[in-house]
Amino acid sequence: MSENDIEKLKLIHPPLIEEINRYRDWPIRILTFTSAFYFGLIGLFLLNKIEIPLWIKIVLTVVVTMLYLWTVYYCGKCHLNYLRARNIQVKIQKKLELDKWLVDNKRVFPDEWFSENPVKLSTRLWGWGFYALYATILFVLSLIVIWKAVGFIKNHG
(Lines give C-alpha, C1' and ligand atoms only; values in the text may rest on other atoms or scores of the structure.)
Protein backbone atom coordinates (compact mmCIF):
# COMPACT_ATOMS: atom_id res chain seq x y z
CA MET A 1 0.00 0.00 0.00
CA SER A 2 1.34 3.39 -0.94
CA GLU A 3 1.86 6.31 1.42
CA ASN A 4 -0.83 8.17 -0.51
CA ASP A 5 -3.32 5.33 0.14
CA ILE A 6 -2.53 5.41 3.86
CA GLU A 7 -3.15 9.16 3.98
CA LYS A 8 -6.49 8.70 2.21
CA LEU A 9 -7.48 5.99 4.67
CA LYS A 10 -6.60 8.26 7.59
CA LEU A 11 -9.03 10.80 6.15
CA ILE A 12 -11.93 8.43 5.53
CA HIS A 13 -11.74 5.92 8.39
CA PRO A 14 -12.66 8.16 11.40
CA PRO A 15 -15.77 9.61 9.68
CA LEU A 16 -16.76 6.10 8.62
CA ILE A 17 -16.62 4.88 12.22
CA GLU A 18 -18.72 7.89 13.28
CA GLU A 19 -21.23 7.02 10.58
CA ILE A 20 -21.43 3.39 11.71
CA ASN A 21 -22.00 4.51 15.31
CA ARG A 22 -24.68 6.96 14.21
CA TYR A 23 -26.60 4.19 12.45
CA ARG A 24 -26.38 2.10 15.63
CA ASP A 25 -27.43 4.95 17.95
CA TRP A 26 -30.33 6.55 16.11
CA PRO A 27 -32.80 3.66 16.39
CA ILE A 28 -32.28 3.63 20.16
CA ARG A 29 -32.82 7.39 20.35
CA ILE A 30 -35.95 7.15 18.26
CA LEU A 31 -37.32 4.31 20.38
CA THR A 32 -36.63 6.31 23.53
CA PHE A 33 -38.74 9.18 22.22
CA THR A 34 -41.51 6.98 20.84
CA SER A 35 -41.59 4.86 24.01
CA ALA A 36 -42.13 7.96 26.11
CA PHE A 37 -44.95 9.00 23.80
CA TYR A 38 -46.61 5.57 23.80
CA PHE A 39 -46.25 5.07 27.55
CA GLY A 40 -47.62 8.56 28.17
CA LEU A 41 -50.59 7.87 25.94
CA ILE A 42 -51.23 4.45 27.47
CA GLY A 43 -50.88 5.85 30.99
CA LEU A 44 -53.21 8.74 30.20
CA PHE A 45 -55.94 6.37 29.11
CA LEU A 46 -55.46 3.66 31.73
CA LEU A 47 -54.82 5.82 34.79
CA ASN A 48 -57.33 8.56 34.07
CA LYS A 49 -59.96 6.39 32.42
CA ILE A 50 -60.84 9.21 30.06
CA GLU A 51 -63.63 9.03 27.52
CA ILE A 52 -63.06 10.74 24.20
CA PRO A 53 -65.23 11.20 21.12
CA LEU A 54 -64.87 8.95 18.09
CA TRP A 55 -63.17 11.61 15.95
CA ILE A 56 -60.38 12.04 18.52
CA LYS A 57 -59.89 8.26 18.62
CA ILE A 58 -59.54 8.31 14.84
CA VAL A 59 -57.04 11.18 14.96
CA LEU A 60 -55.02 9.44 17.68
CA THR A 61 -55.08 6.22 15.67
CA VAL A 62 -53.75 8.05 12.61
CA VAL A 63 -51.04 9.74 14.71
CA VAL A 64 -49.82 6.56 16.40
CA THR A 65 -49.99 4.67 13.08
CA MET A 66 -47.87 7.32 11.37
CA LEU A 67 -45.43 7.34 14.28
CA TYR A 68 -45.20 3.55 14.17
CA LEU A 69 -44.65 3.41 10.40
CA TRP A 70 -42.02 6.15 10.59
CA THR A 71 -40.25 4.39 13.46
CA VAL A 72 -40.07 1.03 11.69
CA TYR A 73 -39.11 2.67 8.39
CA TYR A 74 -36.34 4.72 9.96
CA CYS A 75 -34.97 1.80 11.99
CA GLY A 76 -34.90 -0.28 8.80
CA LYS A 77 -33.23 2.53 6.89
CA CYS A 78 -30.57 2.90 9.62
CA HIS A 79 -29.98 -0.86 9.50
CA LEU A 80 -29.42 -0.83 5.73
CA ASN A 81 -27.10 2.18 5.96
CA TYR A 82 -25.22 0.48 8.80
CA LEU A 83 -24.68 -2.61 6.64
CA ARG A 84 -23.42 -0.47 3.75
CA ALA A 85 -21.00 1.43 5.99
CA ARG A 86 -19.85 -1.76 7.68
CA ASN A 87 -19.14 -3.35 4.28
CA ILE A 88 -16.99 -0.31 3.41
CA GLN A 89 -15.13 -0.81 6.69
CA VAL A 90 -14.55 -4.48 5.81
CA LYS A 91 -13.08 -3.45 2.44
CA ILE A 92 -10.76 -0.98 4.15
CA GLN A 93 -9.69 -3.61 6.69
CA LYS A 94 -8.90 -6.02 3.85
CA LYS A 95 -7.00 -3.30 1.99
CA LEU A 96 -4.91 -2.82 5.14
CA GLU A 97 -4.51 -6.62 5.26
CA LEU A 98 -5.69 -6.72 8.85
CA ASP A 99 -7.10 -10.16 8.14
CA LYS A 100 -3.52 -11.42 7.80
CA TRP A 101 -2.18 -10.10 11.11
CA LEU A 102 -0.80 -12.87 13.24
CA VAL A 103 0.43 -13.12 16.80
CA ASP A 104 1.97 -16.45 17.82
CA ASN A 105 0.82 -17.80 14.43
CA LYS A 106 -2.82 -17.06 15.29
CA ARG A 107 -5.04 -14.49 13.66
CA VAL A 108 -5.49 -11.38 15.74
CA PHE A 109 -9.03 -10.64 14.52
CA PRO A 110 -11.92 -13.07 14.01
CA ASP A 111 -12.76 -14.08 10.45
CA GLU A 112 -16.28 -12.66 10.63
CA TRP A 113 -14.81 -9.16 10.90
CA PHE A 114 -13.73 -9.49 7.29
CA SER A 115 -16.87 -10.81 5.63
CA GLU A 116 -19.26 -8.49 3.89
CA ASN A 117 -22.96 -8.86 4.52
CA PRO A 118 -25.81 -8.53 2.04
CA VAL A 119 -27.49 -5.15 2.35
CA LYS A 120 -31.07 -6.23 3.03
CA LEU A 121 -33.50 -6.09 5.92
CA SER A 122 -33.27 -9.81 6.62
CA THR A 123 -29.52 -9.60 7.25
CA ARG A 124 -28.95 -9.71 11.01
CA LEU A 125 -32.68 -9.38 11.54
CA TRP A 126 -32.36 -10.18 15.24
CA GLY A 127 -30.77 -6.76 15.78
CA TRP A 128 -33.03 -4.26 14.08
CA GLY A 129 -35.94 -6.71 14.21
CA PHE A 130 -36.03 -6.37 17.98
CA TYR A 131 -36.60 -2.64 17.58
CA ALA A 132 -39.40 -3.29 15.11
CA LEU A 133 -41.00 -5.86 17.43
CA TYR A 134 -40.77 -3.49 20.40
CA ALA A 135 -42.33 -0.65 18.39
CA THR A 136 -45.08 -3.02 17.20
CA ILE A 137 -45.96 -4.06 20.74
CA LEU A 138 -46.20 -0.45 21.91
CA PHE A 139 -48.26 0.47 18.84
CA VAL A 140 -50.73 -2.36 19.41
CA LEU A 141 -51.04 -1.58 23.13
CA SER A 142 -51.72 2.05 22.26
CA LEU A 143 -54.48 1.08 19.86
CA ILE A 144 -55.97 -1.23 22.48
CA VAL A 145 -56.24 1.53 25.08
CA ILE A 146 -57.42 4.16 22.59
CA TRP A 147 -60.27 1.95 21.45
CA LYS A 148 -60.99 0.63 24.96
CA ALA A 149 -60.36 -2.96 23.95
CA VAL A 150 -59.03 -3.52 27.47
CA GLY A 151 -62.49 -2.79 28.86
CA PHE A 152 -64.03 -4.96 26.15
CA ILE A 153 -61.72 -7.83 27.07
CA LYS A 154 -62.54 -7.42 30.80
CA ASN A 155 -66.28 -7.38 30.13
CA HIS A 156 -66.32 -10.22 27.60
CA GLY A 157 -63.28 -12.31 28.59
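1. Helices here are DSSP runs of H or I with at least four residues, numbered from the N terminus; with that convention, α3 is followed by K148, whose phi is positive, near 60 degrees.

2. This is a predicted model, and its confidence should be read before its details. The mean pLDDT over the chain is 89, with 94% of the residues scoring at least 70. Confidence is highest in helix α2 (residues 54-95), where the mean is 95, and lowest in helix α4 (residues 149-156), where the mean is 53.

3. The geometry of helix α3 (residues 125-146) is consistent with its length: at 1.5 Å a residue its 22 residues should span 32 Å, and the end C-alpha atoms lie 30 Å apart, which agrees. The buried residues of this helix are W128, G129, A132, A135, L138, F139, S142, V145 and I146, where buried means a relative accessible area under 20%.

4. Turning to the charged side chains, the count comes to four salt bridges. Side chains of opposite charge can pair when their charged atoms come close. In one of the bridges, R22 meets E19 at 2.4 Å, N to O; both residues lie in helix α1 (residues 3-48), three residues apart, which is about one turn of the helix. An α-helix has 3.6 residues a turn, so residues three or four places apart point the same way. R22 is partly exposed at 35% relative accessibility, and E19 is also partly exposed, at 26%.

5. A further salt bridge joins E116 to K91, with the closest N and O atoms 4.0 Å apart. Because E116 lies in the loop between β2 (106-107) and α3 while K91 belongs to helix α2, this pair ties together parts that are 25 residues apart in sequence. E116 has a relative accessible area of 38% and is partly exposed, and K91, at 48%, likewise counts as partly exposed.

6. Finally, R107 forms a salt bridge with D111, the closest N and O atoms being 2.5 Å apart. D111 is partly exposed, with a relative accessible area of 48%.

Methods. Residues are numbered from 1 along each chain as its sequence is written. This is a predicted model: local features need pLDDT of at least 70, side-chain atom pairs count only at pLDDT 80 or more; totals for chains, interfaces and linings use all residues. Side-chain values use heavy atoms; hydrogens and water are left out. Helices (H or I, at least four residues) and strands (E, at least two) are DSSP runs, numbered from the N terminus. The expected span of a helix is 1.5 Å times one less than its number of residues. Buried means under 20% relative accessible area, exposed over 50%, partly exposed in between (1.4 Å probe, protein chains only). pLDDT is the predictor's confidence in each residue, from 0 to 100.
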